[in-house]
Amino acid sequence: MKTFIHHDLPKLQRDTSPDGTRVYKTPSGKSYPSVTTITGLHTAKNIAEWRKRVGDEEANRISSKASARGTRIHTHCEDYLRGNIFEADMFDLEMFNSIKFWLDDINNIHALESPLYSDFLQVAGTVDCIAEFQGKLSVIDFKTSSKPKDREDIYNYFMQTAAYAVAFEERTGIPVGRLVIIMAVENDDPRLFIEKRDNWIGSFRKLRLDYKNLKNL
């Protein structure tokens, strides 16, 4: 049985900016873009080139399939950590089981699918998990991939979790210096990446400034 540590994190209202971007409205009424909207700037060029290469129809099919799979695996991880019984098809169960032993290293959970925002970074979003991983407080992100990825392929994940670490400290006063990415890979071994927040928050802040200059938001 996992131990949960409660924090009174405020609920955030999702809204849409004039250009169609999803934003979050904070309790004070400020509207901030999502963390993943900001980190999307890092991969936007590669994604555009990939969509042009495979065509919009195929790109939409692949993206939809990957998004649905990622949502299901994430939900299974959350249910497992909460001690809930869940059902999964054979393929999803294989992917989930490949990372289950790392989920067993998680305890003293401070946040699980929880809303966060940062006035300092002017962003908001929903963090997967903040908990002790192998005894050290970490921001933990659950990812899925159709193929193995290396560290240089997922810089946006490190920036994303670094932003959540800052937002959590802002809301609770508790610093989180470690970032953990747990990745289930189709028909391959899972991947585990561990990084330091301070190595990535500078890159996120630069992206945030780029987005503000681009969108005036």
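Two strands count as paired if DSSP finds at least two bridges between them. In this predicted model, strand S4 (residues 106-118) and S5 meet that condition, with 9 bridges in the antiparallel sense. Strands of a sheet pair through backbone hydrogen bonds, either parallel or antiparallel.

Within it, Ile130 has Val139 in S6 as its bridge partner. S5 and S6 form a hairpin too, with 2 residues between the strands. There, Gln134 takes a positive phi near 55 degrees. How many of the 11 residues of S5 are buried? The count is 9, so S5 is largely enclosed by the rest of the structure.

An open sheet of 3 strands has the order S1-S2-S3. Its pairing is antiparallel. Strand S1 (13-16) and strand S3 (31-33) stand at the edges. Each has a single partner strand, so one side of each is left without a neighbour in the sheet. From one strand to the next, the twist averages 40 degrees. Strand S2 (residues 22-25) is joined to S3 by 3 bridges, and the two run antiparallel. Lys25 has Ser31 as its bridge partner in S3.

Helix H3 covers residues 90-103. The buried residues of H3 are Asp92, Met95, Phe96, Ser98, Ile99, Trp102 and Leu103.

Aromatic rings form a further theme. A search of the whole structure finds 6 aromatic pairs. In one of them, the ring centres of Phe101 and Trp102 are 4.6 Å apart. Their planes stand at 40 degrees, so the pair is tilted. Planes under 30 degrees apart would count as stacked, and those over 60 as edge-to-face. Are the two residues buried or exposed? Phe101 is partly exposed, with a relative accessible area of 44%. Trp102 is buried, at 11%.

Phe158 and Trp200 form an aromatic pair that is tilted as well. The distance is 5.0 Å centre to centre, with 45 degrees between the planes. This pair links distant parts of the chain, 42 residues apart. Phe158 belongs to helix H4 (residues 155-172). Trp200 lies in the loop between strand S8 (191-196) and helix H5 (201-215). Phe158 is buried, with a relative accessible area of 0%. Trp200 is buried, with a relative accessible area of 7%. Both values fall in the buried class because that class means under 20% relative accessible area. Which residues form one aromatic cluster? They are Tyr155, Phe158, Phe193 and Trp200.

Methods. Residues numbered from 1 in each chain as written. Predicted model: local features only at pLDDT ≥ 70, side-chain atom pairs only at ≥ 80, totals over all residues. Heavy atoms only, no water. Helix = DSSP H or I, 4+ residues; strand = E, 2+ residues; numbered from the N terminus. Axes fitted to C-alpha atoms, helices over the stretch in contact; angles between N-to-C directions. Expected span 1.5 Å × (residues − 1). Buried < 20%, exposed > 50% of the residue type's maximum accessible area, 1.4 Å probe, protein only. Phe/Tyr/Trp six-rings, centres within 6.5 Å; stacked < 30°, edge-to-face > 60°.
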